[in-house]
Protein chains: 4
Amino acid sequence: MSVGSVRSNSGKRTEPKEKRRLQLIQATIRSIARHGLSDTTVSTVSTAAGLSQGIINLHFQSKEKLLLETLAYIVDEYKILWEKALKEAGDSSAERLAALLQVDFHPRVCDRNKLSVWFAFWAESKSRPTYRKLCAGRDKEYDAVIFELCKNIISEGKYSGIDAELAARGLSALTEGLWLDMLVNPRNMSRDYARKVSMAYLFHLFPRHYPELNKE
Amino acid sequence: MSVGSVRSNSGKRTEPKEKRRLQLIQATIRSIARHGLSDTTVSTVSTAAGLSQGIINLHFQSKEKLLLETLAYIVDEYKILWEKALKEAGDSSAERLAALLQVDFHPRVCDRNKLSVWFAFWAESKSRPTYRKLCAGRDKEYDAVIFELCKNIISEGKYSGIDAELAARGLSALTEGLWLDMLVNPRNMSRDYARKVSMAYLFHLFPRHYPELNKE
Amino acid sequence: MSVGSVRSNSGKRTEPKEKRRLQLIQATIRSIARHGLSDTTVSTVSTAAGLSQGIINLHFQSKEKLLLETLAYIVDEYKILWEKALKEAGDSSAERLAALLQVDFHPRVCDRNKLSVWFAFWAESKSRPTYRKLCAGRDKEYDAVIFELCKNIISEGKYSGIDAELAARGLSALTEGLWLDMLVNPRNMSRDYARKVSMAYLFHLFPRHYPELNKE
Amino acid sequence: MSVGSVRSNSGKRTEPKEKRRLQLIQATIRSIARHGLSDTTVSTVSTAAGLSQGIINLHFQSKEKLLLETLAYIVDEYKILWEKALKEAGDSSAERLAALLQVDFHPRVCDRNKLSVWFAFWAESKSRPTYRKLCAGRDKEYDAVIFELCKNIISEGKYSGIDAELAARGLSALTEGLWLDMLVNPRNMSRDYARKVSMAYLFHLFPRHYPELNKE
DNA sequence: AATGAATGAGGGTTCATTCAT
DNA sequence: CATGAATGAACCCTCATTCAT
């Protein structure tokens, strides 16, 4: 076989494996969204993927590992979107902060299936340290950046009476609360409206940095 | 059995019965907090209650009903505290709103075990309409009152550029987000600090109504 | 409750438990004999016992533990018969040795079902140290006693050219070989004939101690 | 395909085919010795052979057939060694009998891996007639020859009080028992010592035919 | 001829529920 | 009212077998 055919072979042998894993992770997300984490079984997942039962242990050794990789997948996806937003955003702290919040309401993040997964794992994180650790990575970095940006904005805008940490924590908590509303009660909280609520908070905090929000 | 004996027994039998049910509900809360909802079994609950396995079907017919009543118990408790706060609060909308937010950070509400239960059920609410309905009751009334109070305050204070609904939704979401932080990462988010974050938001929204918050 | 009732209660609550375990162990022996160790499943055992599948994990935690306790049961039973035989035997070494060999062909030991179990575990003992350890207890003591008795007999009878250890090892191996024949080919090797073979060996070793065997 | 190509291929295709089969049989022996028959899987065998999973069904159709052929291989090997010994032995019955027993302790027979296989199948022979039949071939012929030789020796040596069948059965059982000891407890029973035990028995039976054994 | 991804029947185990005590 | 032994459905996982490559 020529080098070319070897390359295409390796593409066919290793790629499908990665594709299968992705396919199964996506089936897991759908299953958690549809049945809940408690009622997500090897059977619901493999059925959702249109494959046989044994496939999960073949590719992930155990159901537990599949769940962990599913969480990791979602955490990673979020992180990537977030870093991309930071890279593409302008230099000003105000722009950067706004860009980050936009990510939180990006369709790929606010997908209700994925929100199901986030909250399923958060809900169990108290009893499962492994879950908490996976999420903690996200939170820590996230919090630090938000805090830094708030601090900059406050000093730039000479906002008095605003504590940077209180503001940052508020912004972060607000996002999570809005996610919860979108998950639990999507009719009363659309993605678009959630973003508006978030932006309204930003405006009230830093009115001189976000004049345009006033008019929306 | 004569009517008389039934009646006299009913006093003795139903009271302990109610106590057993409460005892089991509290054991359920502890079990969900400790093991997660997925790993909460009839056995973990009855062990936590110091009773035998059969006790749950005896008093609740099924595990599912026990879970529902546990959720109902927490929802009710929250509602009661909330109504009590409204009744005891002053007449001004600002006072009433602040009083309500205080309830959200009341030790009895913010108990981490109970937060575990809230989020456990929220996480599954997408797949279990019964859960959602139980929570929906709380949310609807809650949202309506908060909204009304915000509207009053805005008109009283002639706050321009504040949409009452956006503000109300923000306040409500913020609380939920702070609850999540307290659940997932209690070291970084104490009950006290959460309340401060919440109050800080209130202040930024309605500075002329909450001057005292400025100094804290 | 009186002391009496407590006693009868404990008899009813703990005895059945022990009875169930015995019942399951006996079902296991039958299953190994009938299906072989490889094909002995939780299902074959519980069916043999006339009970449900869950019963095994209820009483033995796992199938593996049931198997170990089954082996231990058979080892123990053998040991008890053996010690009883020693206690009841006369004082002379010749009598004692003969008594021990009688045990090896006792109906309760040579039961073909039980032989199945012995050989099933011996066959796996190379790969499963736990099995070997359980059997090793028996072997060691057994060998030591047989050796001692042979030594005494040899010195008493002034048998020249007989090594006590060779004789003892031979006697012990002969028994095991006869067991195998009874297991694998019961039509050609009855319990009675096996005993005769064993006794014939004894006679050839120590003719002056076992004159009566000559005539049989 | 032309006849010619078939013929020329048959040399190339069937030879390696036979080699593969042998390779897999040997891997099976190692696997049974290492993991036990219960834990010998298609995977343990193919791994031991350094080949892929599918190879077994390719060459043996099923796992069961591989096991049967493995047993047959060992039975055959034993038979061949045995027949060769008979052919090469002298004419006297005593020599022939001794030669046969030598085979039983030949390194190729007493290999602990192979003993594992023997006993694995013997242990299951009660529940699997197919296994028993495979072994029965060996036993029958073996027993007949041993018996014949003993009979000759007895009549030659005018040994009184010795029943030929009892002696033959004893010899055969002794060998099997010694094999078991070598398998289960190799530290206490070396191949060399086992042979000595066997020879000691022979001496005691027929002292006038085996004078040399006396001195060893 | 050989591979190894995929299958699915059947394994051991868990657990909500029942019921005799 | 309370227990806990027993059940059996459903879980996760293993593994002999198939088949496209």
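The model is predicted: local features need pLDDT of at least 70, side-chain atom pairs count only at pLDDT 80 or more, and totals for chains, interfaces and linings use all residues. Residues are numbered from 1 along each chain as its sequence is written, while chains are lettered from A and ligands numbered from 1 in the order in which they are written.

**Chains C and D**

- In chain D, 43 residues are in contact with 43 residues of chain C (contact: C-beta atoms, placed from the backbone, within 7 Å).
- H9(D) gives the most to this side of chain D, with 13 residues.
- The side of chain D that touches chain C divides into 18 nonpolar, 13 polar and 12 charged residues (Ala, Val, Leu, Ile, Met, Phe, Trp, Tyr, Cys and Pro count as nonpolar, Asp, Glu, Lys and Arg as charged, and the others, Gly among them, as polar).
- The copies meet through the same surface, because 100% of the interface residues of chain D are also interface residues in chain C.

**Domains of chain A**

- Chain A comprises domain 1 (1–61) and domain 2 (70–214), with bounds from an automatic or database domain assignment.
- The C-alpha centres of these two domains of chain A lie 31 Å apart.
- Contacts join 7 residues of domain 1 of chain A to 9 residues of domain 2 of chain A.
- On the domain 1 side, the touching residues are 5 nonpolar, 1 polar and 1 charged.

**DNA strand E**

- DNA strand E is surrounded by 35 residues, and among the closest are Gly54(A), Val42(B) and Gly54(D) (near: C-beta atom, placed from the backbone, within 6 Å of the strand).
- H1(D) gives the most to the surface near DNA strand E, with 3 residues (helices are DSSP runs of H or I, at least four residues, and strands are runs of E, at least two, numbered from the N terminus).
- This surface holds 10 nonpolar, 18 polar and 7 charged residues.

**DNA strand F**

- Around DNA strand F there are 36 residues, and those that come nearest include Thr41(A), Ser52(B) and Val42(D).
- H1(B) gives the most to the surface near DNA strand F, with 4 residues.
- The surface near DNA strand F has 10 nonpolar, 18 polar and 8 charged residues.

Terms used. Two residues are in contact if their C-beta atoms, placed from the backbone, lie within 7 Å.
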